[in-house]
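Hello,

Here is the structure we talked about. Please look through it first, then read the notes below.

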Amino acid sequence: MPGEELRELANRAVAEIAGAADDAALEAARVKYLGRKEGALSEATKRIAKLPPGEKPAYGAAVNEGKLRIERALEERTRALREARVARDLGGEREDMSLPPRRVRVGRLHPISQTVREVSRVFATMGFETVEGPEIEWDYYNFEALNIPPGHPAREKWQTLWISNPLGDDPSRPLLGRTHTSPMQIRVMEQRRPPVRVVIPGRCYRYEATDAIRESIFFQYEGLAIDEKLTMADLKGVLFSFARQIFGSDRKIRFRIDYFPFTEPSAEIAFDCFSCEGRDPECRVCGGDGWIEAAGCGMVHPDVLRRVGYDPKRYQGFAFGGGIERLAMLRTGAPDIRLFYQNDLRYLEQF
Amino acid sequence: MLIKVPVSWLREYVDISVPIDELALRLHMSSTEVKGVERPWWDDKVRVGRISKLAKHPNADKLQLATVEYGEDRPKTIVTGATNLTVGDIVPFADEGAQIIDGHTGERTTLRGKPMRGIQSEGMVLSAKELGQGEDHDGIQVLDRKLPVGARLRDVLGETILALELQPNRPDCLGVVGIAREVAAILATGLREPPVDRLPERTSRDLDVRIEDPVACPRFAAALLTGIRIGASPTWIQQRLIAAGMRPIDNVVDITNYVMLELGQPLHAYDHRKLRGGLLVARRARRGETLRTLDGVERVLHDDTLVIADADRALGVAGILGGEDSEIREDTTTVALECASFEPRGIGRTAANLGLHGSAGSAAARRFSWELSPDLVPVALARAVRLLREHAGAEVSGVMDRYPKRRGVVNVRMRFSDIPRVLGIEIGPEETLDILRRLQFVAAADGDTLVATPPAVRTDIAIAEDIVEEVGRIAGYDRLPVRVPDGPLPLHERHPLQEFRERARDGLAGFGLQEVLSYSLIDPAWLGMLTADGSCIAPEPLRVINPTTVAQSAARPTLRASLLDTARRNLRNRAGVAIFEIAPLYLPQRGDLPDERWTIGILLAGNAEPVRDGETWLTPERPWDVRDLQGYVLALADLLDVQTAGDQVDAPGLHPGRSLAFAHDGRRHLVAGQLDPRVAAKWELPAETFIAEIDLSSWLDAARPPRVIAPPRFPAALRDLAIVVDEATPYRDVEREIRAAGGTDLGSIALVDLYRGPQIGAGKKSFAVRLVLRRATATLGEEDVDRLVKRVAGRLQQALGATIRS
């Protein structure tokens with residue numbers, strides 16, 4: 001077959017390929033011309049062997065050239081068809097992206113867990129280690145070791161849930177639900193030597209009617225720092241830093257006189273109201289007086305130090321304690337403390 | 001303890017040069033918590049009225065028509081049901097439109113004139129309750145005759161009251177004089193103490209006083225008063241009692257109460273006729289001794305109860321509750337007036353034993369449970385005697401004061417430098433001395449040393465730190481600088497269980513489960529609802545001896561009940577729940593605190609999908625199943641590097657066919673499965689409720705930190721096998737044998753399919769399993785793979801009688 005004929009064949013093939021409407025037509029054209037068994041070019045290739053030696057090189061070159069042209073056309077057409085398809089897709093139907101997605105389940109930590117962590121994290125920045133201790137306590141740790149012997153009028157401040165052990169009670173060692181995290185002051189000091197810097201979050205119990213701001217089962221955080229030179233000004237600094245990190249760096253802090261049998265001097269800390277900053281007499285967060293009472297605190301009483309074997313002439317320090325729920329409510333605007341423990345998922349899923 | 005201090009009463013002892021709001025703030029900051037400042041709220045329409053005429057209501061027997069003059073030209077006629085009025089009485093009158101308290105609801109309301117039995121009432125004469133001055137709603141509050149008719153009540157009776165929450169270390173503040181002492185110190189002004197005549201001791205044939213227990217009763221004074229005429233106390237005393245929240249009774253009782261409110265020291269008056277042997281003695285109760293107390297209760301006294309007795313019998317529980325028999329009556333003429341000092345802890349314990357502690361206690365008992373100074377005793381007695389002479393006709397016929405062991409004077413010696421040592425701020429000696437003297441301390445400098453003696457009433461002052469607090473609070477805590485502490489930091493410890501627990505918490509929340517936190521005290525009845533037959537899955541719980549509610553009376557020994565309760569309540573408003581809780585269980589131990597064992601509880605119930613109720617357009621509805629629960633448990637184990645293993649045991653309360661439990665050392669550390677449907681029914685939960693409980697410290701013990709290796713560099717070969725075994729053979733065995741035969745070239749095993757059917761015959765099942773095979777050092781050749789598969793197949797045939805089809 002002369003080269004002219006081959007060129008004709010290639011021309012036909014290229015034209016057919018260029019006109020292929022879709023991938024199927026393109027594949028048909030490829031098989032027709034380049035197919036291994038019956039493709040026209042393959043036929044032509046087989047013929048090379050039968051040609052006289054003198055014609056072989058020219059014919060072979062023509063076959064190759066035709067093959068190349070057809071392959072190039074196939075490539076081009078393939079790309080063109082793909083591009084057309086993509087263009088069609090891009091220009092085609094628009095998904096309604098406002099339709100809901102395939103939902104992924106979202107789990108959250110309980111707001112009290114979140115707040116406990118936040119408290120630990122903030123105090124950790126000031127070198128306080130988080131430790132934990134028993135919720136069911138001996139009267140000794142909860143009261144006596146904290147200068148609150150039986151009959152002490154301050155016990156009225158910590159109305160107590162008394163606990164009975166089914167395996168037997170010892171009248172000389174009453175069991176109770178700890179009314180505050182302060183017994184851990186004693187336990188920590190019994191186990192460690194100064195310097196001490198710990199924060200203790202945990203559950204506490206009171207014999208108390210519940211209302212929107214009070215629960216009989218609740219969480220507190222306790223702080224304790226003992227060293228040789230810690231003062232009330234350091235206490236103020238630590239709590240000030242805490243307030244800033246929890247409620248923002250514009251916060252102010254206020255100390256007022258208070259009384260705890262296990263601290264002397266004692267104080268109550270209030271933060272200025274982050275919501276109204278003292279400007280709204282009807283403020284729902286602070287009740288209008290511009291201050292939010294947050295915790296009790298003071299310098300650890302020398303008798304308490306002595307009781308755990310610390311020499312009060314050498315060591316001194318401070319302790320503080322506040323409510324976790326109160327922080328959580330202040331941080332989130334949660335309206336009622338009881339909602340935390342009703343575990344209505346419609347509520348918890350908001351935190 | 002909340003006390004109410006009328007500002008006008010306070011002004012009697014101290015000049016208040018600042019606005020009351022400022023005073024309140026300064027007291028709050030430096031002295032005692034101010035709960036509120038109560039101001040008179042009566043408006044212009046509440047006036048002083050005078051009853052000028054009383055007439056029967058023509059249409060009602062129980063009503064009267066009262067004509068009231070109130071300063072306007074025309075008097076008003078009102079209809080009243082009160083029976084205590086007489087013509088000429090001065091009364092509070094509310095014109096129509098006035099703000100008053102509704103006598104029934106206790107709420108503030110606007111008075112609207114309305115016809116009563118056909119006659120229009122043009123206003124109202126008011127009871128104490130309607131004035132907001134107490135609970136008395138039986139009769140009209142008759143006022144002092146000297147009050148000017150027509151005056152605004154606010155102007156003549158209006159009283160600003162400080163509501164103060166006292167702390168028990170400050171018994172000196174229990175009286176208005178004590179508050180005045182604080183005000184004087186804060187405002188740096190003088191204090192005028194009330195006039196007291198010294199009462200010389202005078203023995204009497206008709207009264208003697210004895211102390212048998214000088215520890216429980218360190219001081220006991222009494223006066224014998226004759227010629228008493230019982231009657232109403234003067235209006236000014238009544239008004240002050242009312243303003244302070246007490247109800248006037250008669251002159252003798254009112255005066256003892258008045259002195260208590262003024263000085264803080266309670267007194268008790270006995271009708272002398274009832275005193276057998278003319279004796280008052282402070283002694284322990286005798287075994288089995290009984291007493292009918294003022295509240296009408298016949299009480300058997302515990303034998304460590306301190307009583308005040310006469311020669312024969314107990315007259316009252318000392319400091320806590322008087323007896324009925326010896327109380328003052330209308331015809332009492334001779335009074336034995338007791339003024340004593342009691343050991344406060346004993347009072348506290350006895351009051352608690354009688355159920356009369358805290359706010360349930362009498363005003364006297366609450367005060368005596370604080371450490372009142374014995375030095376108040378003669379002062380209060382003299383003050384009361386003076387008032388009784390003036391207002392009850394009393395003549396003194398005997399005075400005695402037993403004080404066998406005088407309380408020592410407290411002298412605090414300290415360094416001035418103790419103040420900056422504790423406070424972290426310099427307060428100079430001069431200022432320190434000034435503050436202490438303002439507080440009526442005797443204070444002096446001796447070089448670097450400060451010597452301070454508190455006034456006798458300040459029983460709270462004993463050590464240097466107490467003085468530091470006094471100086472700090474009066475100087476003002478706002479002077480303390482804010483300082484972040486420096487100094488050496490302690491070495492911190494690791495807390496593996498805490499860390500592990502928090503990883504678990506994050507993991508489960510990350511899986512999409514919502515954390516819940518429920519009450520750790522539960523209803524013990526719940527524990528009987530966790531198995532079909534009511535038997536217990538947990539040890540007998542610790543009980544609350546004095547629960548606030550039975551629903552919170554047992555320390556939970558399992559999380560299961562709390563989770564079921566939470567699920568039940570949530571399934572009322574949603575189709576599915578997926579929750580977890582991490583909390584300690586309280587497991588009783590003999591002679592020790594309970595073992596507080598941290599536990600993870602997981603609960604799935606209702607629909608797993610769609611995630612959002614009703615949103616089925618992409619995901620059809622599907623309930624949770626036991627495989628979901630397994631998935632979460634294993635994923636958690638994976639995340640925490642725990643190999644869950646142990647002895648397989650039963651899981652009480654769960655479906656025996658769809659649950660598993662592992663124990664180690666006899667403790668179930670993992671229980672997971674479907675709730676027994678009979679238990680689910682008790683909780684109104686769907687039969688498909690799934691629950692898992694994990695003992696956290698057991699898992700921590702089982703956790704192994706992973707030995708990490710680099711990711712594989714050579715490709716894996718995959719081989720699928722169909723393994724036909726007896727129906728009874730668990731998949732666990734198949735996997736175990738494959739692992740045993742696979743050696744190090746076996747990567748992972750995946751279950752592709754589980755088939756039962758005619759092709760393999762009855763009683764058989766076929767696991768289609770995909771093996772991922774690879775070697776760390778080279779690409780596995782065809783022959784290696786074939787050899788390994790052959791080995792696995794051989795092992796399965798041998799160990800499990802399996803047939804392998806490929």
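**Where the chains meet**

In S29(B), Val544(B) is the bridge partner of Ile163(A). The two strands involved, S3 (residues 162-164) of chain A and S29 (residues 542-544) of chain B, pair in the antiparallel sense over two bridges. Strands are DSSP runs of E with at least two residues, helices are runs of H or I with at least four, and both are numbered from the N terminus; two strands pair if DSSP finds at least two bridges between them.

This is a predicted model, in which local features need pLDDT of at least 70 and side-chain atom pairs count only at pLDDT 80 or more, while totals for chains, interfaces and linings use all residues. Residues are numbered from 1 along each chain as its sequence is written, and chains are lettered from A and ligands numbered from 1 in the order in which they are written.

The contact takes 84 residues from chain B and 71 residues from chain A (two residues are in contact if their C-beta atoms, placed from the backbone, lie within 7 Å).

**Two helices in chain B**

The axes of H2 (residues 20-30) and H4 (residues 176-187), both of chain B, come within 11 Å and cross at roughly 100 degrees. H2(B) is therefore roughly perpendicular to H4(B) (angles of 65 to 115 degrees count as such; axes are lines fitted to C-alpha atoms over the stretch in contact, and angles run from 0 to 180 degrees between N-to-C directions). Leu23(B), Arg26(B), Leu27(B) and Ser30(B) in H2(B) meet Glu182(B), Val183(B) and Ile186(B) in H4(B).

Regards

Notes:
Parallel < 35°, antiparallel > 145°, perpendicular 65-115°, else oblique.
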